[in-house]
Amino acid sequence: PITLLSDPCDSVMHQFGLKGGIISGRVTFVVDLTGQIVFTFNSMLHGPEHAQKALEFIREMANKGKGAN
């Protein structure tokens, strides 16, 4: 399962040390099990690509993990 988080008040963004401006924008992060941001996709104009790019990254990492066994 993949956990999704919406951060309308930017509180989680600030916990990760990220800064927002007047408009925080649309940014998708993939966070690993250690709490590190391992993937970022930033695009205000290409909303549907956020999920696509994040899932591509997650699948790629999962496939690399399978090859390591």
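Modeller: What we have here is a predicted model, in which local features need pLDDT of at least 70 and side-chain atom pairs count only at pLDDT 80 or more, whereas totals for chains, interfaces and linings use all residues. Residues are numbered from 1 along each chain as its sequence is written, and side-chain values use heavy atoms, with hydrogens and water left out.

Biologist: Is Ser-43 buried or exposed?
Modeller: Buried means under 20% relative accessible area, exposed over 50%, and partly exposed in between, with a 1.4 Å probe and protein chains only. Ser-43 has a relative accessibility of 10% and therefore counts as buried.

Biologist: What does the side chain of Ser-43 reach?
Modeller: A polar contact is a pair of N or O atoms within 3.5 Å; within protein, one must be able to donate a hydrogen and the other to accept it, and residues adjacent in sequence count only if both atoms are side-chain atoms. Here the side chain of Ser-43 reaches the backbone nitrogen of His-46 at 3.1 Å.

Biologist: How many aromatic pairs does the structure hold?
Modeller: In general, a pair of aromatic rings is described by the distance of the centres and the angle of the planes. Rings of Phe, Tyr and Trp (its six-membered ring) pair if their centres lie within 6.5 Å, and planes under 30 degrees apart count as stacked, over 60 as edge-to-face and the rest as tilted. The structure holds one such pair: the ring centres of Phe-39 and Phe-57 are 5.0 Å apart and the planes meet at 25°, so the pair is stacked. Because Phe-39 lies in strand β2 and Phe-57 in helix α2, the pair ties together parts that are 18 residues apart in sequence.

Biologist: What relative accessible area does Phe-39 have, and what relative accessibility does Phe-57 have?
Modeller: Phe-39 is buried at 18%, and Phe-57, at 16%, counts as buried too.

Methods:
Helices (H or I, at least four residues) and strands (E, at least two) are DSSP runs, numbered from the N terminus.
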